[in-house]
Amino acid sequence: MSEHLATHTGFKKYYHLMRPHTLTAAFVPVLVGTAAARYFGPVRFDLLIVMLIACLLIQAATNMFNEYFDYKRGLDDHTSVGIGGAIVRNGMSPQSVYNLAVAFYIVAAILGLYICASSSWWILLVGMVCMAVGYLYTGGPFPISWTPFGELFAGFFMGFVIIMITFYIHTGHTHWYPALMSIPVSINIGMINMANNIRDRVKDKASGRKTFVILVGKRIAIITMAILYFISFAVILYITFAKPYGSLFLLLVLLSANLPVKAVNRFFKGDKPLELMPAMKVTGQFNTLFGFLLAIGLYISAVLAI
């Protein structure tokens, strides 16, 4: 059965409701921020675990709000292609999806209190802003996802902000090093968002959305994606040979270089939503592999440097 017609019951419908391929955008920044912090001293395993869980809950809740508000605005129906569809295909009530998202936010906030008590209460303010952006991405009178800035907000808050928070809770200070490391991570997370917008561009345009992809067109959007992926690797190459934190172990990320090439090629070749699903999947895989390799390279480098 084709993916856009498939239905799920029981545990599977909750699993797909969380949109698992996007959850890498939550844990990759935490791992990279922790690995960067290792250069400056020991890291706390308990804070790493709590931060991971909190970020995963926020990302999953954001996906649920996305599902809820897209349904309410008529963007999701039985013809929609993708991993959403808990409401239109799996029989979940809109209110139950919304309530589950709120419950995830509450648990994440409780975990955030533990993080704040162990580091700084300023983290509470930053965390609240991140949660608000997650809600306003598709909620509120002017959803961020309907503007050309969706990729920018996703990359900045899930990449830069989460990496800097993670670094801070381990070290007690900020530094330019994790900020520099956040550039490729932010780009890769933003490209997951752009991949989604390339796939949905026709239906989004008909619904009145003004995403970056709709404004510039499919071809220029894919070229932009290719350039940004190149910048991701260029930043790592720069850091590799820069002092005092450069290390050849950072070149581990090159093992993932085939994936963005594959994604870009598939986006150029495909046109209809179902044809673009494999390309979308590759962007998520790339973010995961690149992020893991970067975190491993950073951690090895930090351990050997101390």
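Why are Phe-65 and Phe-69 separated by about one helical turn? The two residues are 4 residues apart in helix H3 (residues 45–72), and therefore about one helical turn lies between them.

## Basis of the model

This is a predicted model, in which local features need pLDDT of at least 70 and side-chain atom pairs count only at pLDDT 80 or more, while totals for chains, interfaces and linings use all residues. Residues are numbered from 1 along each chain as its sequence is written, and side-chain values use heavy atoms, with hydrogens and water left out.

## Overall architecture

The protein chain contains 12 helices and 0 strands, where helices (H or I, at least four residues) and strands (E, at least two) are DSSP runs numbered from the N terminus. Of the 306 residues in the chain, 54% are buried; buried means under 20% relative accessible area, exposed means over 50%, and partly exposed lies in between, with a 1.4 Å probe and protein chains only.

An unreviewed UniProt entry lists several spans under "transmembrane region", including residues 47–65, 121–140 and 216–239; such positions are given in the numbering used here, with feature names shortened, and the annotations may be inferred rather than shown by experiment. In the model, residues 47–65 are 100% helix and 0% strand, with the end C-alpha atoms 27 Å apart. Residues 121–140 are 75% helix and 0% strand, and the end C-alpha atoms of that span also lie 27 Å apart.

## Aromatic contacts

The model holds 23 aromatic pairs, counted when rings of Phe, Tyr and Trp (its six-membered ring) have centres within 6.5 Å; planes under 30 degrees apart count as stacked, over 60 as edge-to-face and the rest as tilted. One of the pairs is formed by Phe-27 and Phe-292, whose ring centres are 5.6 Å apart and whose planes stand at 40°, so the pair is tilted.

A separate grouping is the aromatic cluster formed by Tyr-39, Phe-40, Phe-167, Trp-176, Tyr-177 and Tyr-245.

## Salt bridges

There are 5 salt bridges, each being a side-chain nitrogen of Lys or Arg within 4 Å of a carboxyl oxygen of Asp or Glu. Among them, Asp-70 and Arg-209 meet at 3.5 Å, N to O, and this pair links distant parts of the chain: Asp-70 lies in helix H3, whereas Arg-209 lies in the loop between helix H8 (201–207) and helix H9 (212–216), 139 residues apart. Arg-209 also forms a salt bridge with Asp-204, with the closest N and O atoms 3.1 Å apart. Asp-204 counts as buried because its relative accessibility is 3%, and Arg-209, with a relative accessible area of 5%, is buried too. Through shared partners, salt bridges join Asp-70, Asp-204 and Arg-209 into one network.

Arg-199 and Asp-200 form a salt bridge as well, with their closest N and O atoms 2.7 Å apart. Arg-199 is buried at a relative accessible area of 7%, and Asp-200 counts as buried at 18% relative accessibility.

## Cysteines and a cis peptide bond

The chain has 0 disulfides, the criterion being a pair of cysteine sulfur atoms within 2.5 Å. Cys-130 is in no disulfide, and the nearest cysteine sulfur, that of Cys-55, is 7.9 Å away. The relative accessible area of Cys-130 is 12%, so this residue is buried.

A cis peptide bond, with omega about 5°, joins Lys-243 and Pro-244. Pro-244 is found in the loop between H10 and helix H11 (258–269). In general, most peptide bonds are trans.

## Nonpolar surface patch

Ile-183, Ile-223, Ile-227, Phe-230, Ile-231 and Phe-268 make a nonpolar surface patch of about 530 Å². Patches are made of residues with over 30% relative accessible area and no salt bridge, where like charges are joined within 9 Å and nonpolar side chains (Val, Leu, Ile, Met, Phe, Trp, Tyr) within 5 Å. Helix H10 (residues 218–240) gives the most to the patch, with 4 residues. Ile-227 lies in this helix and, with a relative accessible area of 48%, is partly exposed.

Definitions and conventions. Areas by Shrake-Rupley, 256 points an atom, 1.4 Å probe, with all protein chains shown as cover.
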